[in-house]
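This report looks at charged side chains: where they pair and where they gather.

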Amino acid sequence: MNEETRSTAEDAVLSARNIGGIDSASVEFSSGVNVLVGRNATNRTSLLQAVIGALGGSSVTLKGDAEEGETTLELEGETYTRRLVRNGQDVVKSGEPLLEDADVADLFAFLIESNEARQTVARMGDLRNLIMSPVDIDEIKAEIQELKREQKEIEAEIQSIDEEEKQLAGLVQRRSSLEEEIERKEDELEEIRSKIANSDIQSYQRDTSNEELEEKLDERQELESTREDIIFDLQTERQSFESLQAEQSEVEAELDNLPEISDKRIQDVNSRLSNACERQNMLESTINQMQNIIQFNEEQLEDGEGLFGNLQTPDDGGLFGLFRSEANTDLLGALRTEQEEQAVTDQLLDDQQVLTCWTCGSQVKKKQIKEVVGELRDIRSEQLELLNDVKSEIQELKDTKSSLEKSDERRERLEQKQAQLAQEIKTRHDRIEELETRKTTIETEIDELSDEIEALREEIDIEENTDYTAILDLQEDAKRLELEIEQHREEIDDVTEEIDAVESRIDQREELEAEREELRERLTELRQRVEQIEQRAVSEFNERMAEILDILNYSNIERIWIERIDTETAGSSVSTDTSFDIHVVRSTDGGSHYRDTIDHLSESEREVTGLVFALAGYLVHDVHESVPFIVLDSLEAIDSDRIARVVEYLSDYAEYLVVALLPEDAASLNDKYRYMSPPWQSLKNF
């Protein structure tokens, strides 16, 4: 950002109440670099939390003894707020911060000590998710899954066409046989009609009985035709019924395999998730406070008499009263000695210098304070490990919650499907019963007609001559043949329709195969795109880390770089089957280089590596384009000259850079920056 643009930018006004260890404070940030100068335990980190909270970040905590708090940021004519209210063990956050989704900013813009990116590097965690989380590849992955689904459907369609093509010859043969059968029956029918036409029996010989017989024969023929239609409908309905029953069995089997998700279990997971998030907030706050206490004590021990000797007052019993409102009382109490069990002077054999303890005002020897500070360091390390465990627990609970919700949704859909299938099966069953009843009724009518026809035939045989009876037999045969020919023609129509459908699908196969090939090419392209995006992100991270390391100019760390390792199996889709491993190249006094791993680095070197990684993410993902602030804290692992160079480098990107520094580190920075020191001046009243 050029200086002319900065000179015209308005100051940003931050107001905080009951945030971290702050009772009430307001400051103005100018565009550019803003340096919070002060010793530890002066609420520098709490002020940074207030900035983060107003911007929408997650690393903001409510003051331990407060029921509610608020942070407000006035920026470029807009006001952004974040309100925190204690609700039992939980802290509910509301308001309208600058960012609706601050995940990227939490990772790469809000670089306090508990920053996830810094901590993940330090504990050798999963870097891939961090690097790729701001990159929008979810849409690509979703498209890959959709294309795979379409590909599977097309392959199933092609396979179905192949199976139908195998049956085509049989269908053609069936149609040919039916046509031959029709031709044979038509010849037979023509011959019967010719016999009837050439008969010498005169029409006047037909009496009422003969006419009635012919009517009965016609009626039976119609009933037999209707029966054939009903039989066909029954076959269709039974096939549908069996298909629905099979589908119902599949649904019921899947339902049986789905776990029962009770509301109580979901509520339990939500409750545990809420508690875990609260524990995370409390742990982050506790860790920050412990770090302030540790650093403060270390500085005073280095200073000799320092604060231990000079800031003791009769009224407050040391600085314990001053910090009681700004830090966790239990943590401060950890500095106390158990004087009831044994006198301090009896426990110490060296470091005989006697100091006034700032936490309780008692006289203790320097060695004991050192030992307690060492114990606090160990406790802080344990708290960091516990914080990592809580974060892992939160992720597991989120995954569990998502799985339960998906399972519950799936059960609901299956139960709806089950109800629909049950209703449709009932409808089909009722239809089958209706058709069977009709079929039985018609068959009864046919039997009755057959009996009547037989009786009429016997009557005619008695009254008429045998020649006329023969004609009646021919007429009955003719009617039967006409019915059979009609049925064969209907069957030919069905077979022809089926042949046409198969041939049409065969014609589509080439098009489907071409579409399948296009899908394969598109899938390959998308998979390669994900790989290219990952490779590009890794490359950009490596370039930025090289730039930052060049600025830091460490003599024994030659290079920090990330390697993308592809672990996917052949044919699998690109998802999380890759890992990003971070490497360190060291140099020796003799000028040689060798590769090292994070676990071999010292604690301070890990902190530097984590900070380098987080700063690289800020630059690679252009976080400055969407987040006007970058916040820096806990830079003690870097010396003052290097801090100055990093701040100057970042100042070209961030509109507002807020860095918390000790006075000796701030002394190396440029005079043109804006400096603020405690007490943080209150500019507004709440």
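At 40% relative accessibility, Arg 193 counts as partly exposed in this predicted model. Its salt-bridge partner is Glu 482, with the closest N and O atoms 2.6 Å apart. Arg 193 belongs to helix 6 and Glu 482 to helix 14, so the pair links parts of the chain 289 residues apart. Glu 482, at 30% relative accessibility, is partly exposed as well. Salt bridges with shared partners join Glu 181, Arg 184, Lys 185, Glu 188, Arg 480 and Glu 484 into one network.

Glu 484 sits in helix 14 (residues 466-552) and Lys 185 in helix 6 (residues 138-197), 299 residues apart. Lys 185 is buried, at 8% relative accessibility.

In total, the structure holds 45 salt bridges. Another of them joins Asp 11 and Arg 674. Asp 11 lies in the loop between helix 1 (3-8) and strand 1 (12-19), and Arg 674 in strand 15 (residues 674-676), so this pair ties together parts 663 residues apart in sequence. Asp 11 is partly exposed, with a relative accessible area of 34%, and Arg 674 is partly exposed at 28%.

| Salt bridge | N to O distance |
|---|---|
| Asp 11 and Arg 674 | 3.3 Å |
| Arg 193 and Glu 482 | 2.6 Å |

Elsewhere, negative charges gather in a surface patch whose members include Glu 211, Glu 222, Asp 447 and Glu 459. Helix 7 (208-257) and helix 13 (366-463) each supply at least two of the patch residues, and the largest share, 7 residues, comes from helix 13. Glu 459 is placed in helix 13 and is partly exposed, with a relative accessible area of 32%.

How values were computed: Residues are numbered from 1 along each chain as its sequence is written. This is a predicted model: local features need pLDDT of at least 70, side-chain atom pairs count only at pLDDT 80 or more; totals for chains, interfaces and linings use all residues. Side-chain values use heavy atoms; hydrogens and water are left out. Patches are made of residues with over 30% relative accessible area and no salt bridge: like charges are joined within 9 Å, nonpolar side chains (Val, Leu, Ile, Met, Phe, Trp, Tyr) within 5 Å. Accessible areas come from the Shrake-Rupley method with a 1.4 Å probe; for residues, only the protein chains shown count as cover. A salt bridge is a side-chain nitrogen of Lys or Arg within 4 Å of a carboxyl oxygen of Asp or Glu. Lys and Arg count as positive and Asp and Glu as negative; His and the chain ends are not counted. The place of a charge is taken as NZ of Lys, CZ of Arg, CG of Asp or CD of Glu. Helices (H or I, at least four residues) and strands (E, at least two) are DSSP runs, numbered from the N terminus. Buried means under 20% relative accessible area, exposed over 50%, partly exposed in between (1.4 Å probe, protein chains only).
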